[in-house]
Amino acid sequence: MTSAVVSAHVAAYLLFKRYLRRLDYKRELQALSKIFKSWRELKPRFTKAEAVLPKGVARRLKPSCLQDVRFLRVNDMSRVLKALGVDKESVYPIEGMYLPRTRVILFEDPRAAAHELGHHIFFHVLNPSQRRKVELIAKQIVETGPFQGDRRVVHLLREYLEDPNEVFAFAFEEWAAGGAPSLYRKNALKPLIDWIEKNLVV
């Protein structure tokens, strides 16, 4: 990952984050209603976690991780961005989104759904003590991760990952994917993945 790539990703992320900060429950519902005619029409479209997450992941998670969260597959995230008033061209390509007030996960790619579920867990499942622990681990990951040799990249990553929930979501995504760990996962995210395995798995 080069500095230029990280820089573009960071700029897009921070811009998109400003849009999300303006949303409340009512505006989330309004955005959804622009895509779907009514909540009644929307409800049957929700997908069960077992059908979205990689095989076996939903069964392994503690029930609280999947409580009160809904998954909704969309064919074109640009419709969602437009409904939210976001210029698609101004943001990094988005394959998933978590609306924290309505607790709806919108996704094109199932891997993105796992990432967004990580956000839900961070905000709505972890207790204060667990969140503080995750924040500490996330801080250590950013400070000692595999990009520490490139000061420019480290600076950008710190800006991008200023919210520990983003680090947690990346780690949860990697945990859910399973299989052989990638270099990034092995070098940087393993402490947080181990924490997930210890605290969120039955």
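This is a predicted model: local features need pLDDT of at least 70, side-chain atom pairs count only at pLDDT 80 or more; totals for chains, interfaces and linings use all residues.

Q: How many aromatic pairs does the structure hold?
A: Five. Rings of Phe, Tyr and Trp (its six-membered ring) pair if their centres lie within 6.5 Å; planes under 30 degrees apart are stacked, over 60 edge-to-face, the rest tilted.

Q: What is the geometry for Phe 122 and Phe 168?
A: Tilted, with 6.2 Å centre to centre and 50° between the planes. The pair links distant parts of the chain, 46 residues apart: Phe 122 is in helix 7 (residues 110-124) and Phe 168 in helix 10 (residues 164-177). Helices here are DSSP runs of H or I, at least four residues, numbered from the N terminus.

Q: Are those two buried or exposed?
A: Phe 122 and Phe 168 are both buried. Buried means under 20% relative accessible area, exposed over 50%, partly exposed in between, with a 1.4 Å probe and protein chains only.

Q: Why is the pair of Phe 172 and Trp 175 tilted?
A: Their planes are at 40° and their ring centres 5.4 Å apart, so the pair is tilted. Being three residues apart in helix 10, they are separated by about one helical turn. Phe 172 is buried at 0% relative accessible area, and Trp 175 is buried at 5%.

Q: Which residues form the aromatic cluster?
A: Phe 122, Phe 123, Phe 168, Phe 172, Trp 175 and Trp 195 form one cluster.

Q: Which charged end sits over the ring of Phe 122?
A: That of Arg 131, 5.7 Å from the ring centre. The test is NZ of Lys or CZ of Arg within 6 Å of the centre and within 35 degrees of the ring normal.

Q: Switching to helix 10. How many of its residues are buried?
A: 11 of its 14, so helix 10 is mostly covered. Among the buried ones are Asn 165, Glu 166 and Val 167.

Q: What span should helix 10 have?
A: 20 Å for 14 residues, and its end C-alpha atoms are 20 Å apart, which agrees. Expected span is 1.5 Å times one less than the number of residues.

Q: What follows helix 10?
A: Gly 178, with a positive phi near 65°.

Q: New topic: where is Val 80 found?
A: In helix 6 (residues 77-83). Val 80 counts as buried, at 3% relative accessibility.

Key:
Residues are numbered from 1 along each chain as its sequence is written. Side-chain values use heavy atoms; hydrogens and water are left out. Helices (H or I, at least four residues) and strands (E, at least two) are DSSP runs, numbered from the N terminus.
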